[in-house]
Amino acid sequence: MNVQEVLTDYISEVVAKTGQPLPALDQPLLESEGGAIDSMNMWPLVVFVESRFGITVEDTDLLLENFRTIRVLTTFIATKHSELHS
């Protein structure tokens, strides 16, 4: 599975609990933007990303710009991963 598939699987499990549909790749992910991930699910998402992809999400990374959509989050993870291994 690639990063996007792993994220989509995880997010679909989280979203299923809210009763909302899974957002498409470019639809808002965060509740503040109209998506399904609320503040209670944000920390578990960060922990999942760190543990599953072997990266560290710094406090300075916790920006809307990095978590806006599944596509944006996928790019963020790929960037952090490449920085780690360069």
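**Stop 1: the salt bridges**

Select R68: its relative accessible area is 29%, so R68 is partly exposed (partly exposed runs between buried, under 20%, and exposed, over 50%, with a 1.4 Å probe and protein chains only). This is a predicted model, where local features need pLDDT of at least 70 and side-chain atom pairs count only at pLDDT 80 or more, while totals for chains, interfaces and linings use all residues. Residues are numbered from 1 along each chain as its sequence is written, and side-chain values use heavy atoms, with hydrogens and water left out.

E33 and R68 form a salt bridge, with the closest N and O atoms 2.8 Å apart (a side-chain nitrogen of Lys or Arg within 4 Å of a carboxyl oxygen of Asp or Glu). The pair links distant parts of the chain: E33 is in the loop between α1 and α2, R68 in the loop between α3 and α4, 35 residues apart. Helices are DSSP runs of H or I, at least four residues, numbered from the N terminus.

The structure holds three salt bridges. Next, select D26 and R71: their closest N and O atoms are 2.7 Å apart in a salt bridge. D26 lies in the loop between α1 and α2 and R71 in helix α4, so this pair ties together parts 45 residues apart in sequence.

Now select K80 and D61. Their side chains meet in a salt bridge at 2.9 Å, N to O. K80 is in helix α4 and D61 in the loop between α2 and α3, 19 residues apart. Buried or exposed? K80 is buried, at 16% relative accessible area, and D61 is buried, at 12%.

**Stop 2: from D61 to N66**

A polar atom of the N66 side chain lies 2.7 Å from the backbone oxygen of D61. N66 counts as buried, at 17% relative accessibility.

**Stop 3: helix α4**

Select residues 70–84, helix α4. Which residues of α4 are buried? They are I70, L73, T74, F76, I77 and K80. They cover an arc of only 160 degrees around the axis, which puts them on the same side of α4 (the arc is that of the directions from the helix axis to the C-beta atoms). They pack against α1 (3–18), α2 and α3.

Zoom on L73. Leaving aside residues up to four places away in sequence, L73 touches L7, L29, L45, N66 and F67 (contact means heavy atoms within 4.5 Å).

Methods. A polar contact is a pair of N or O atoms within 3.5 Å; within protein, one must be able to donate a hydrogen and the other to accept it, and residues adjacent in sequence count only if both atoms are side-chain atoms. Helices (H or I, at least four residues) and strands (E, at least two) are DSSP runs, numbered from the N terminus. The expected span of a helix is 1.5 Å times one less than its number of residues.
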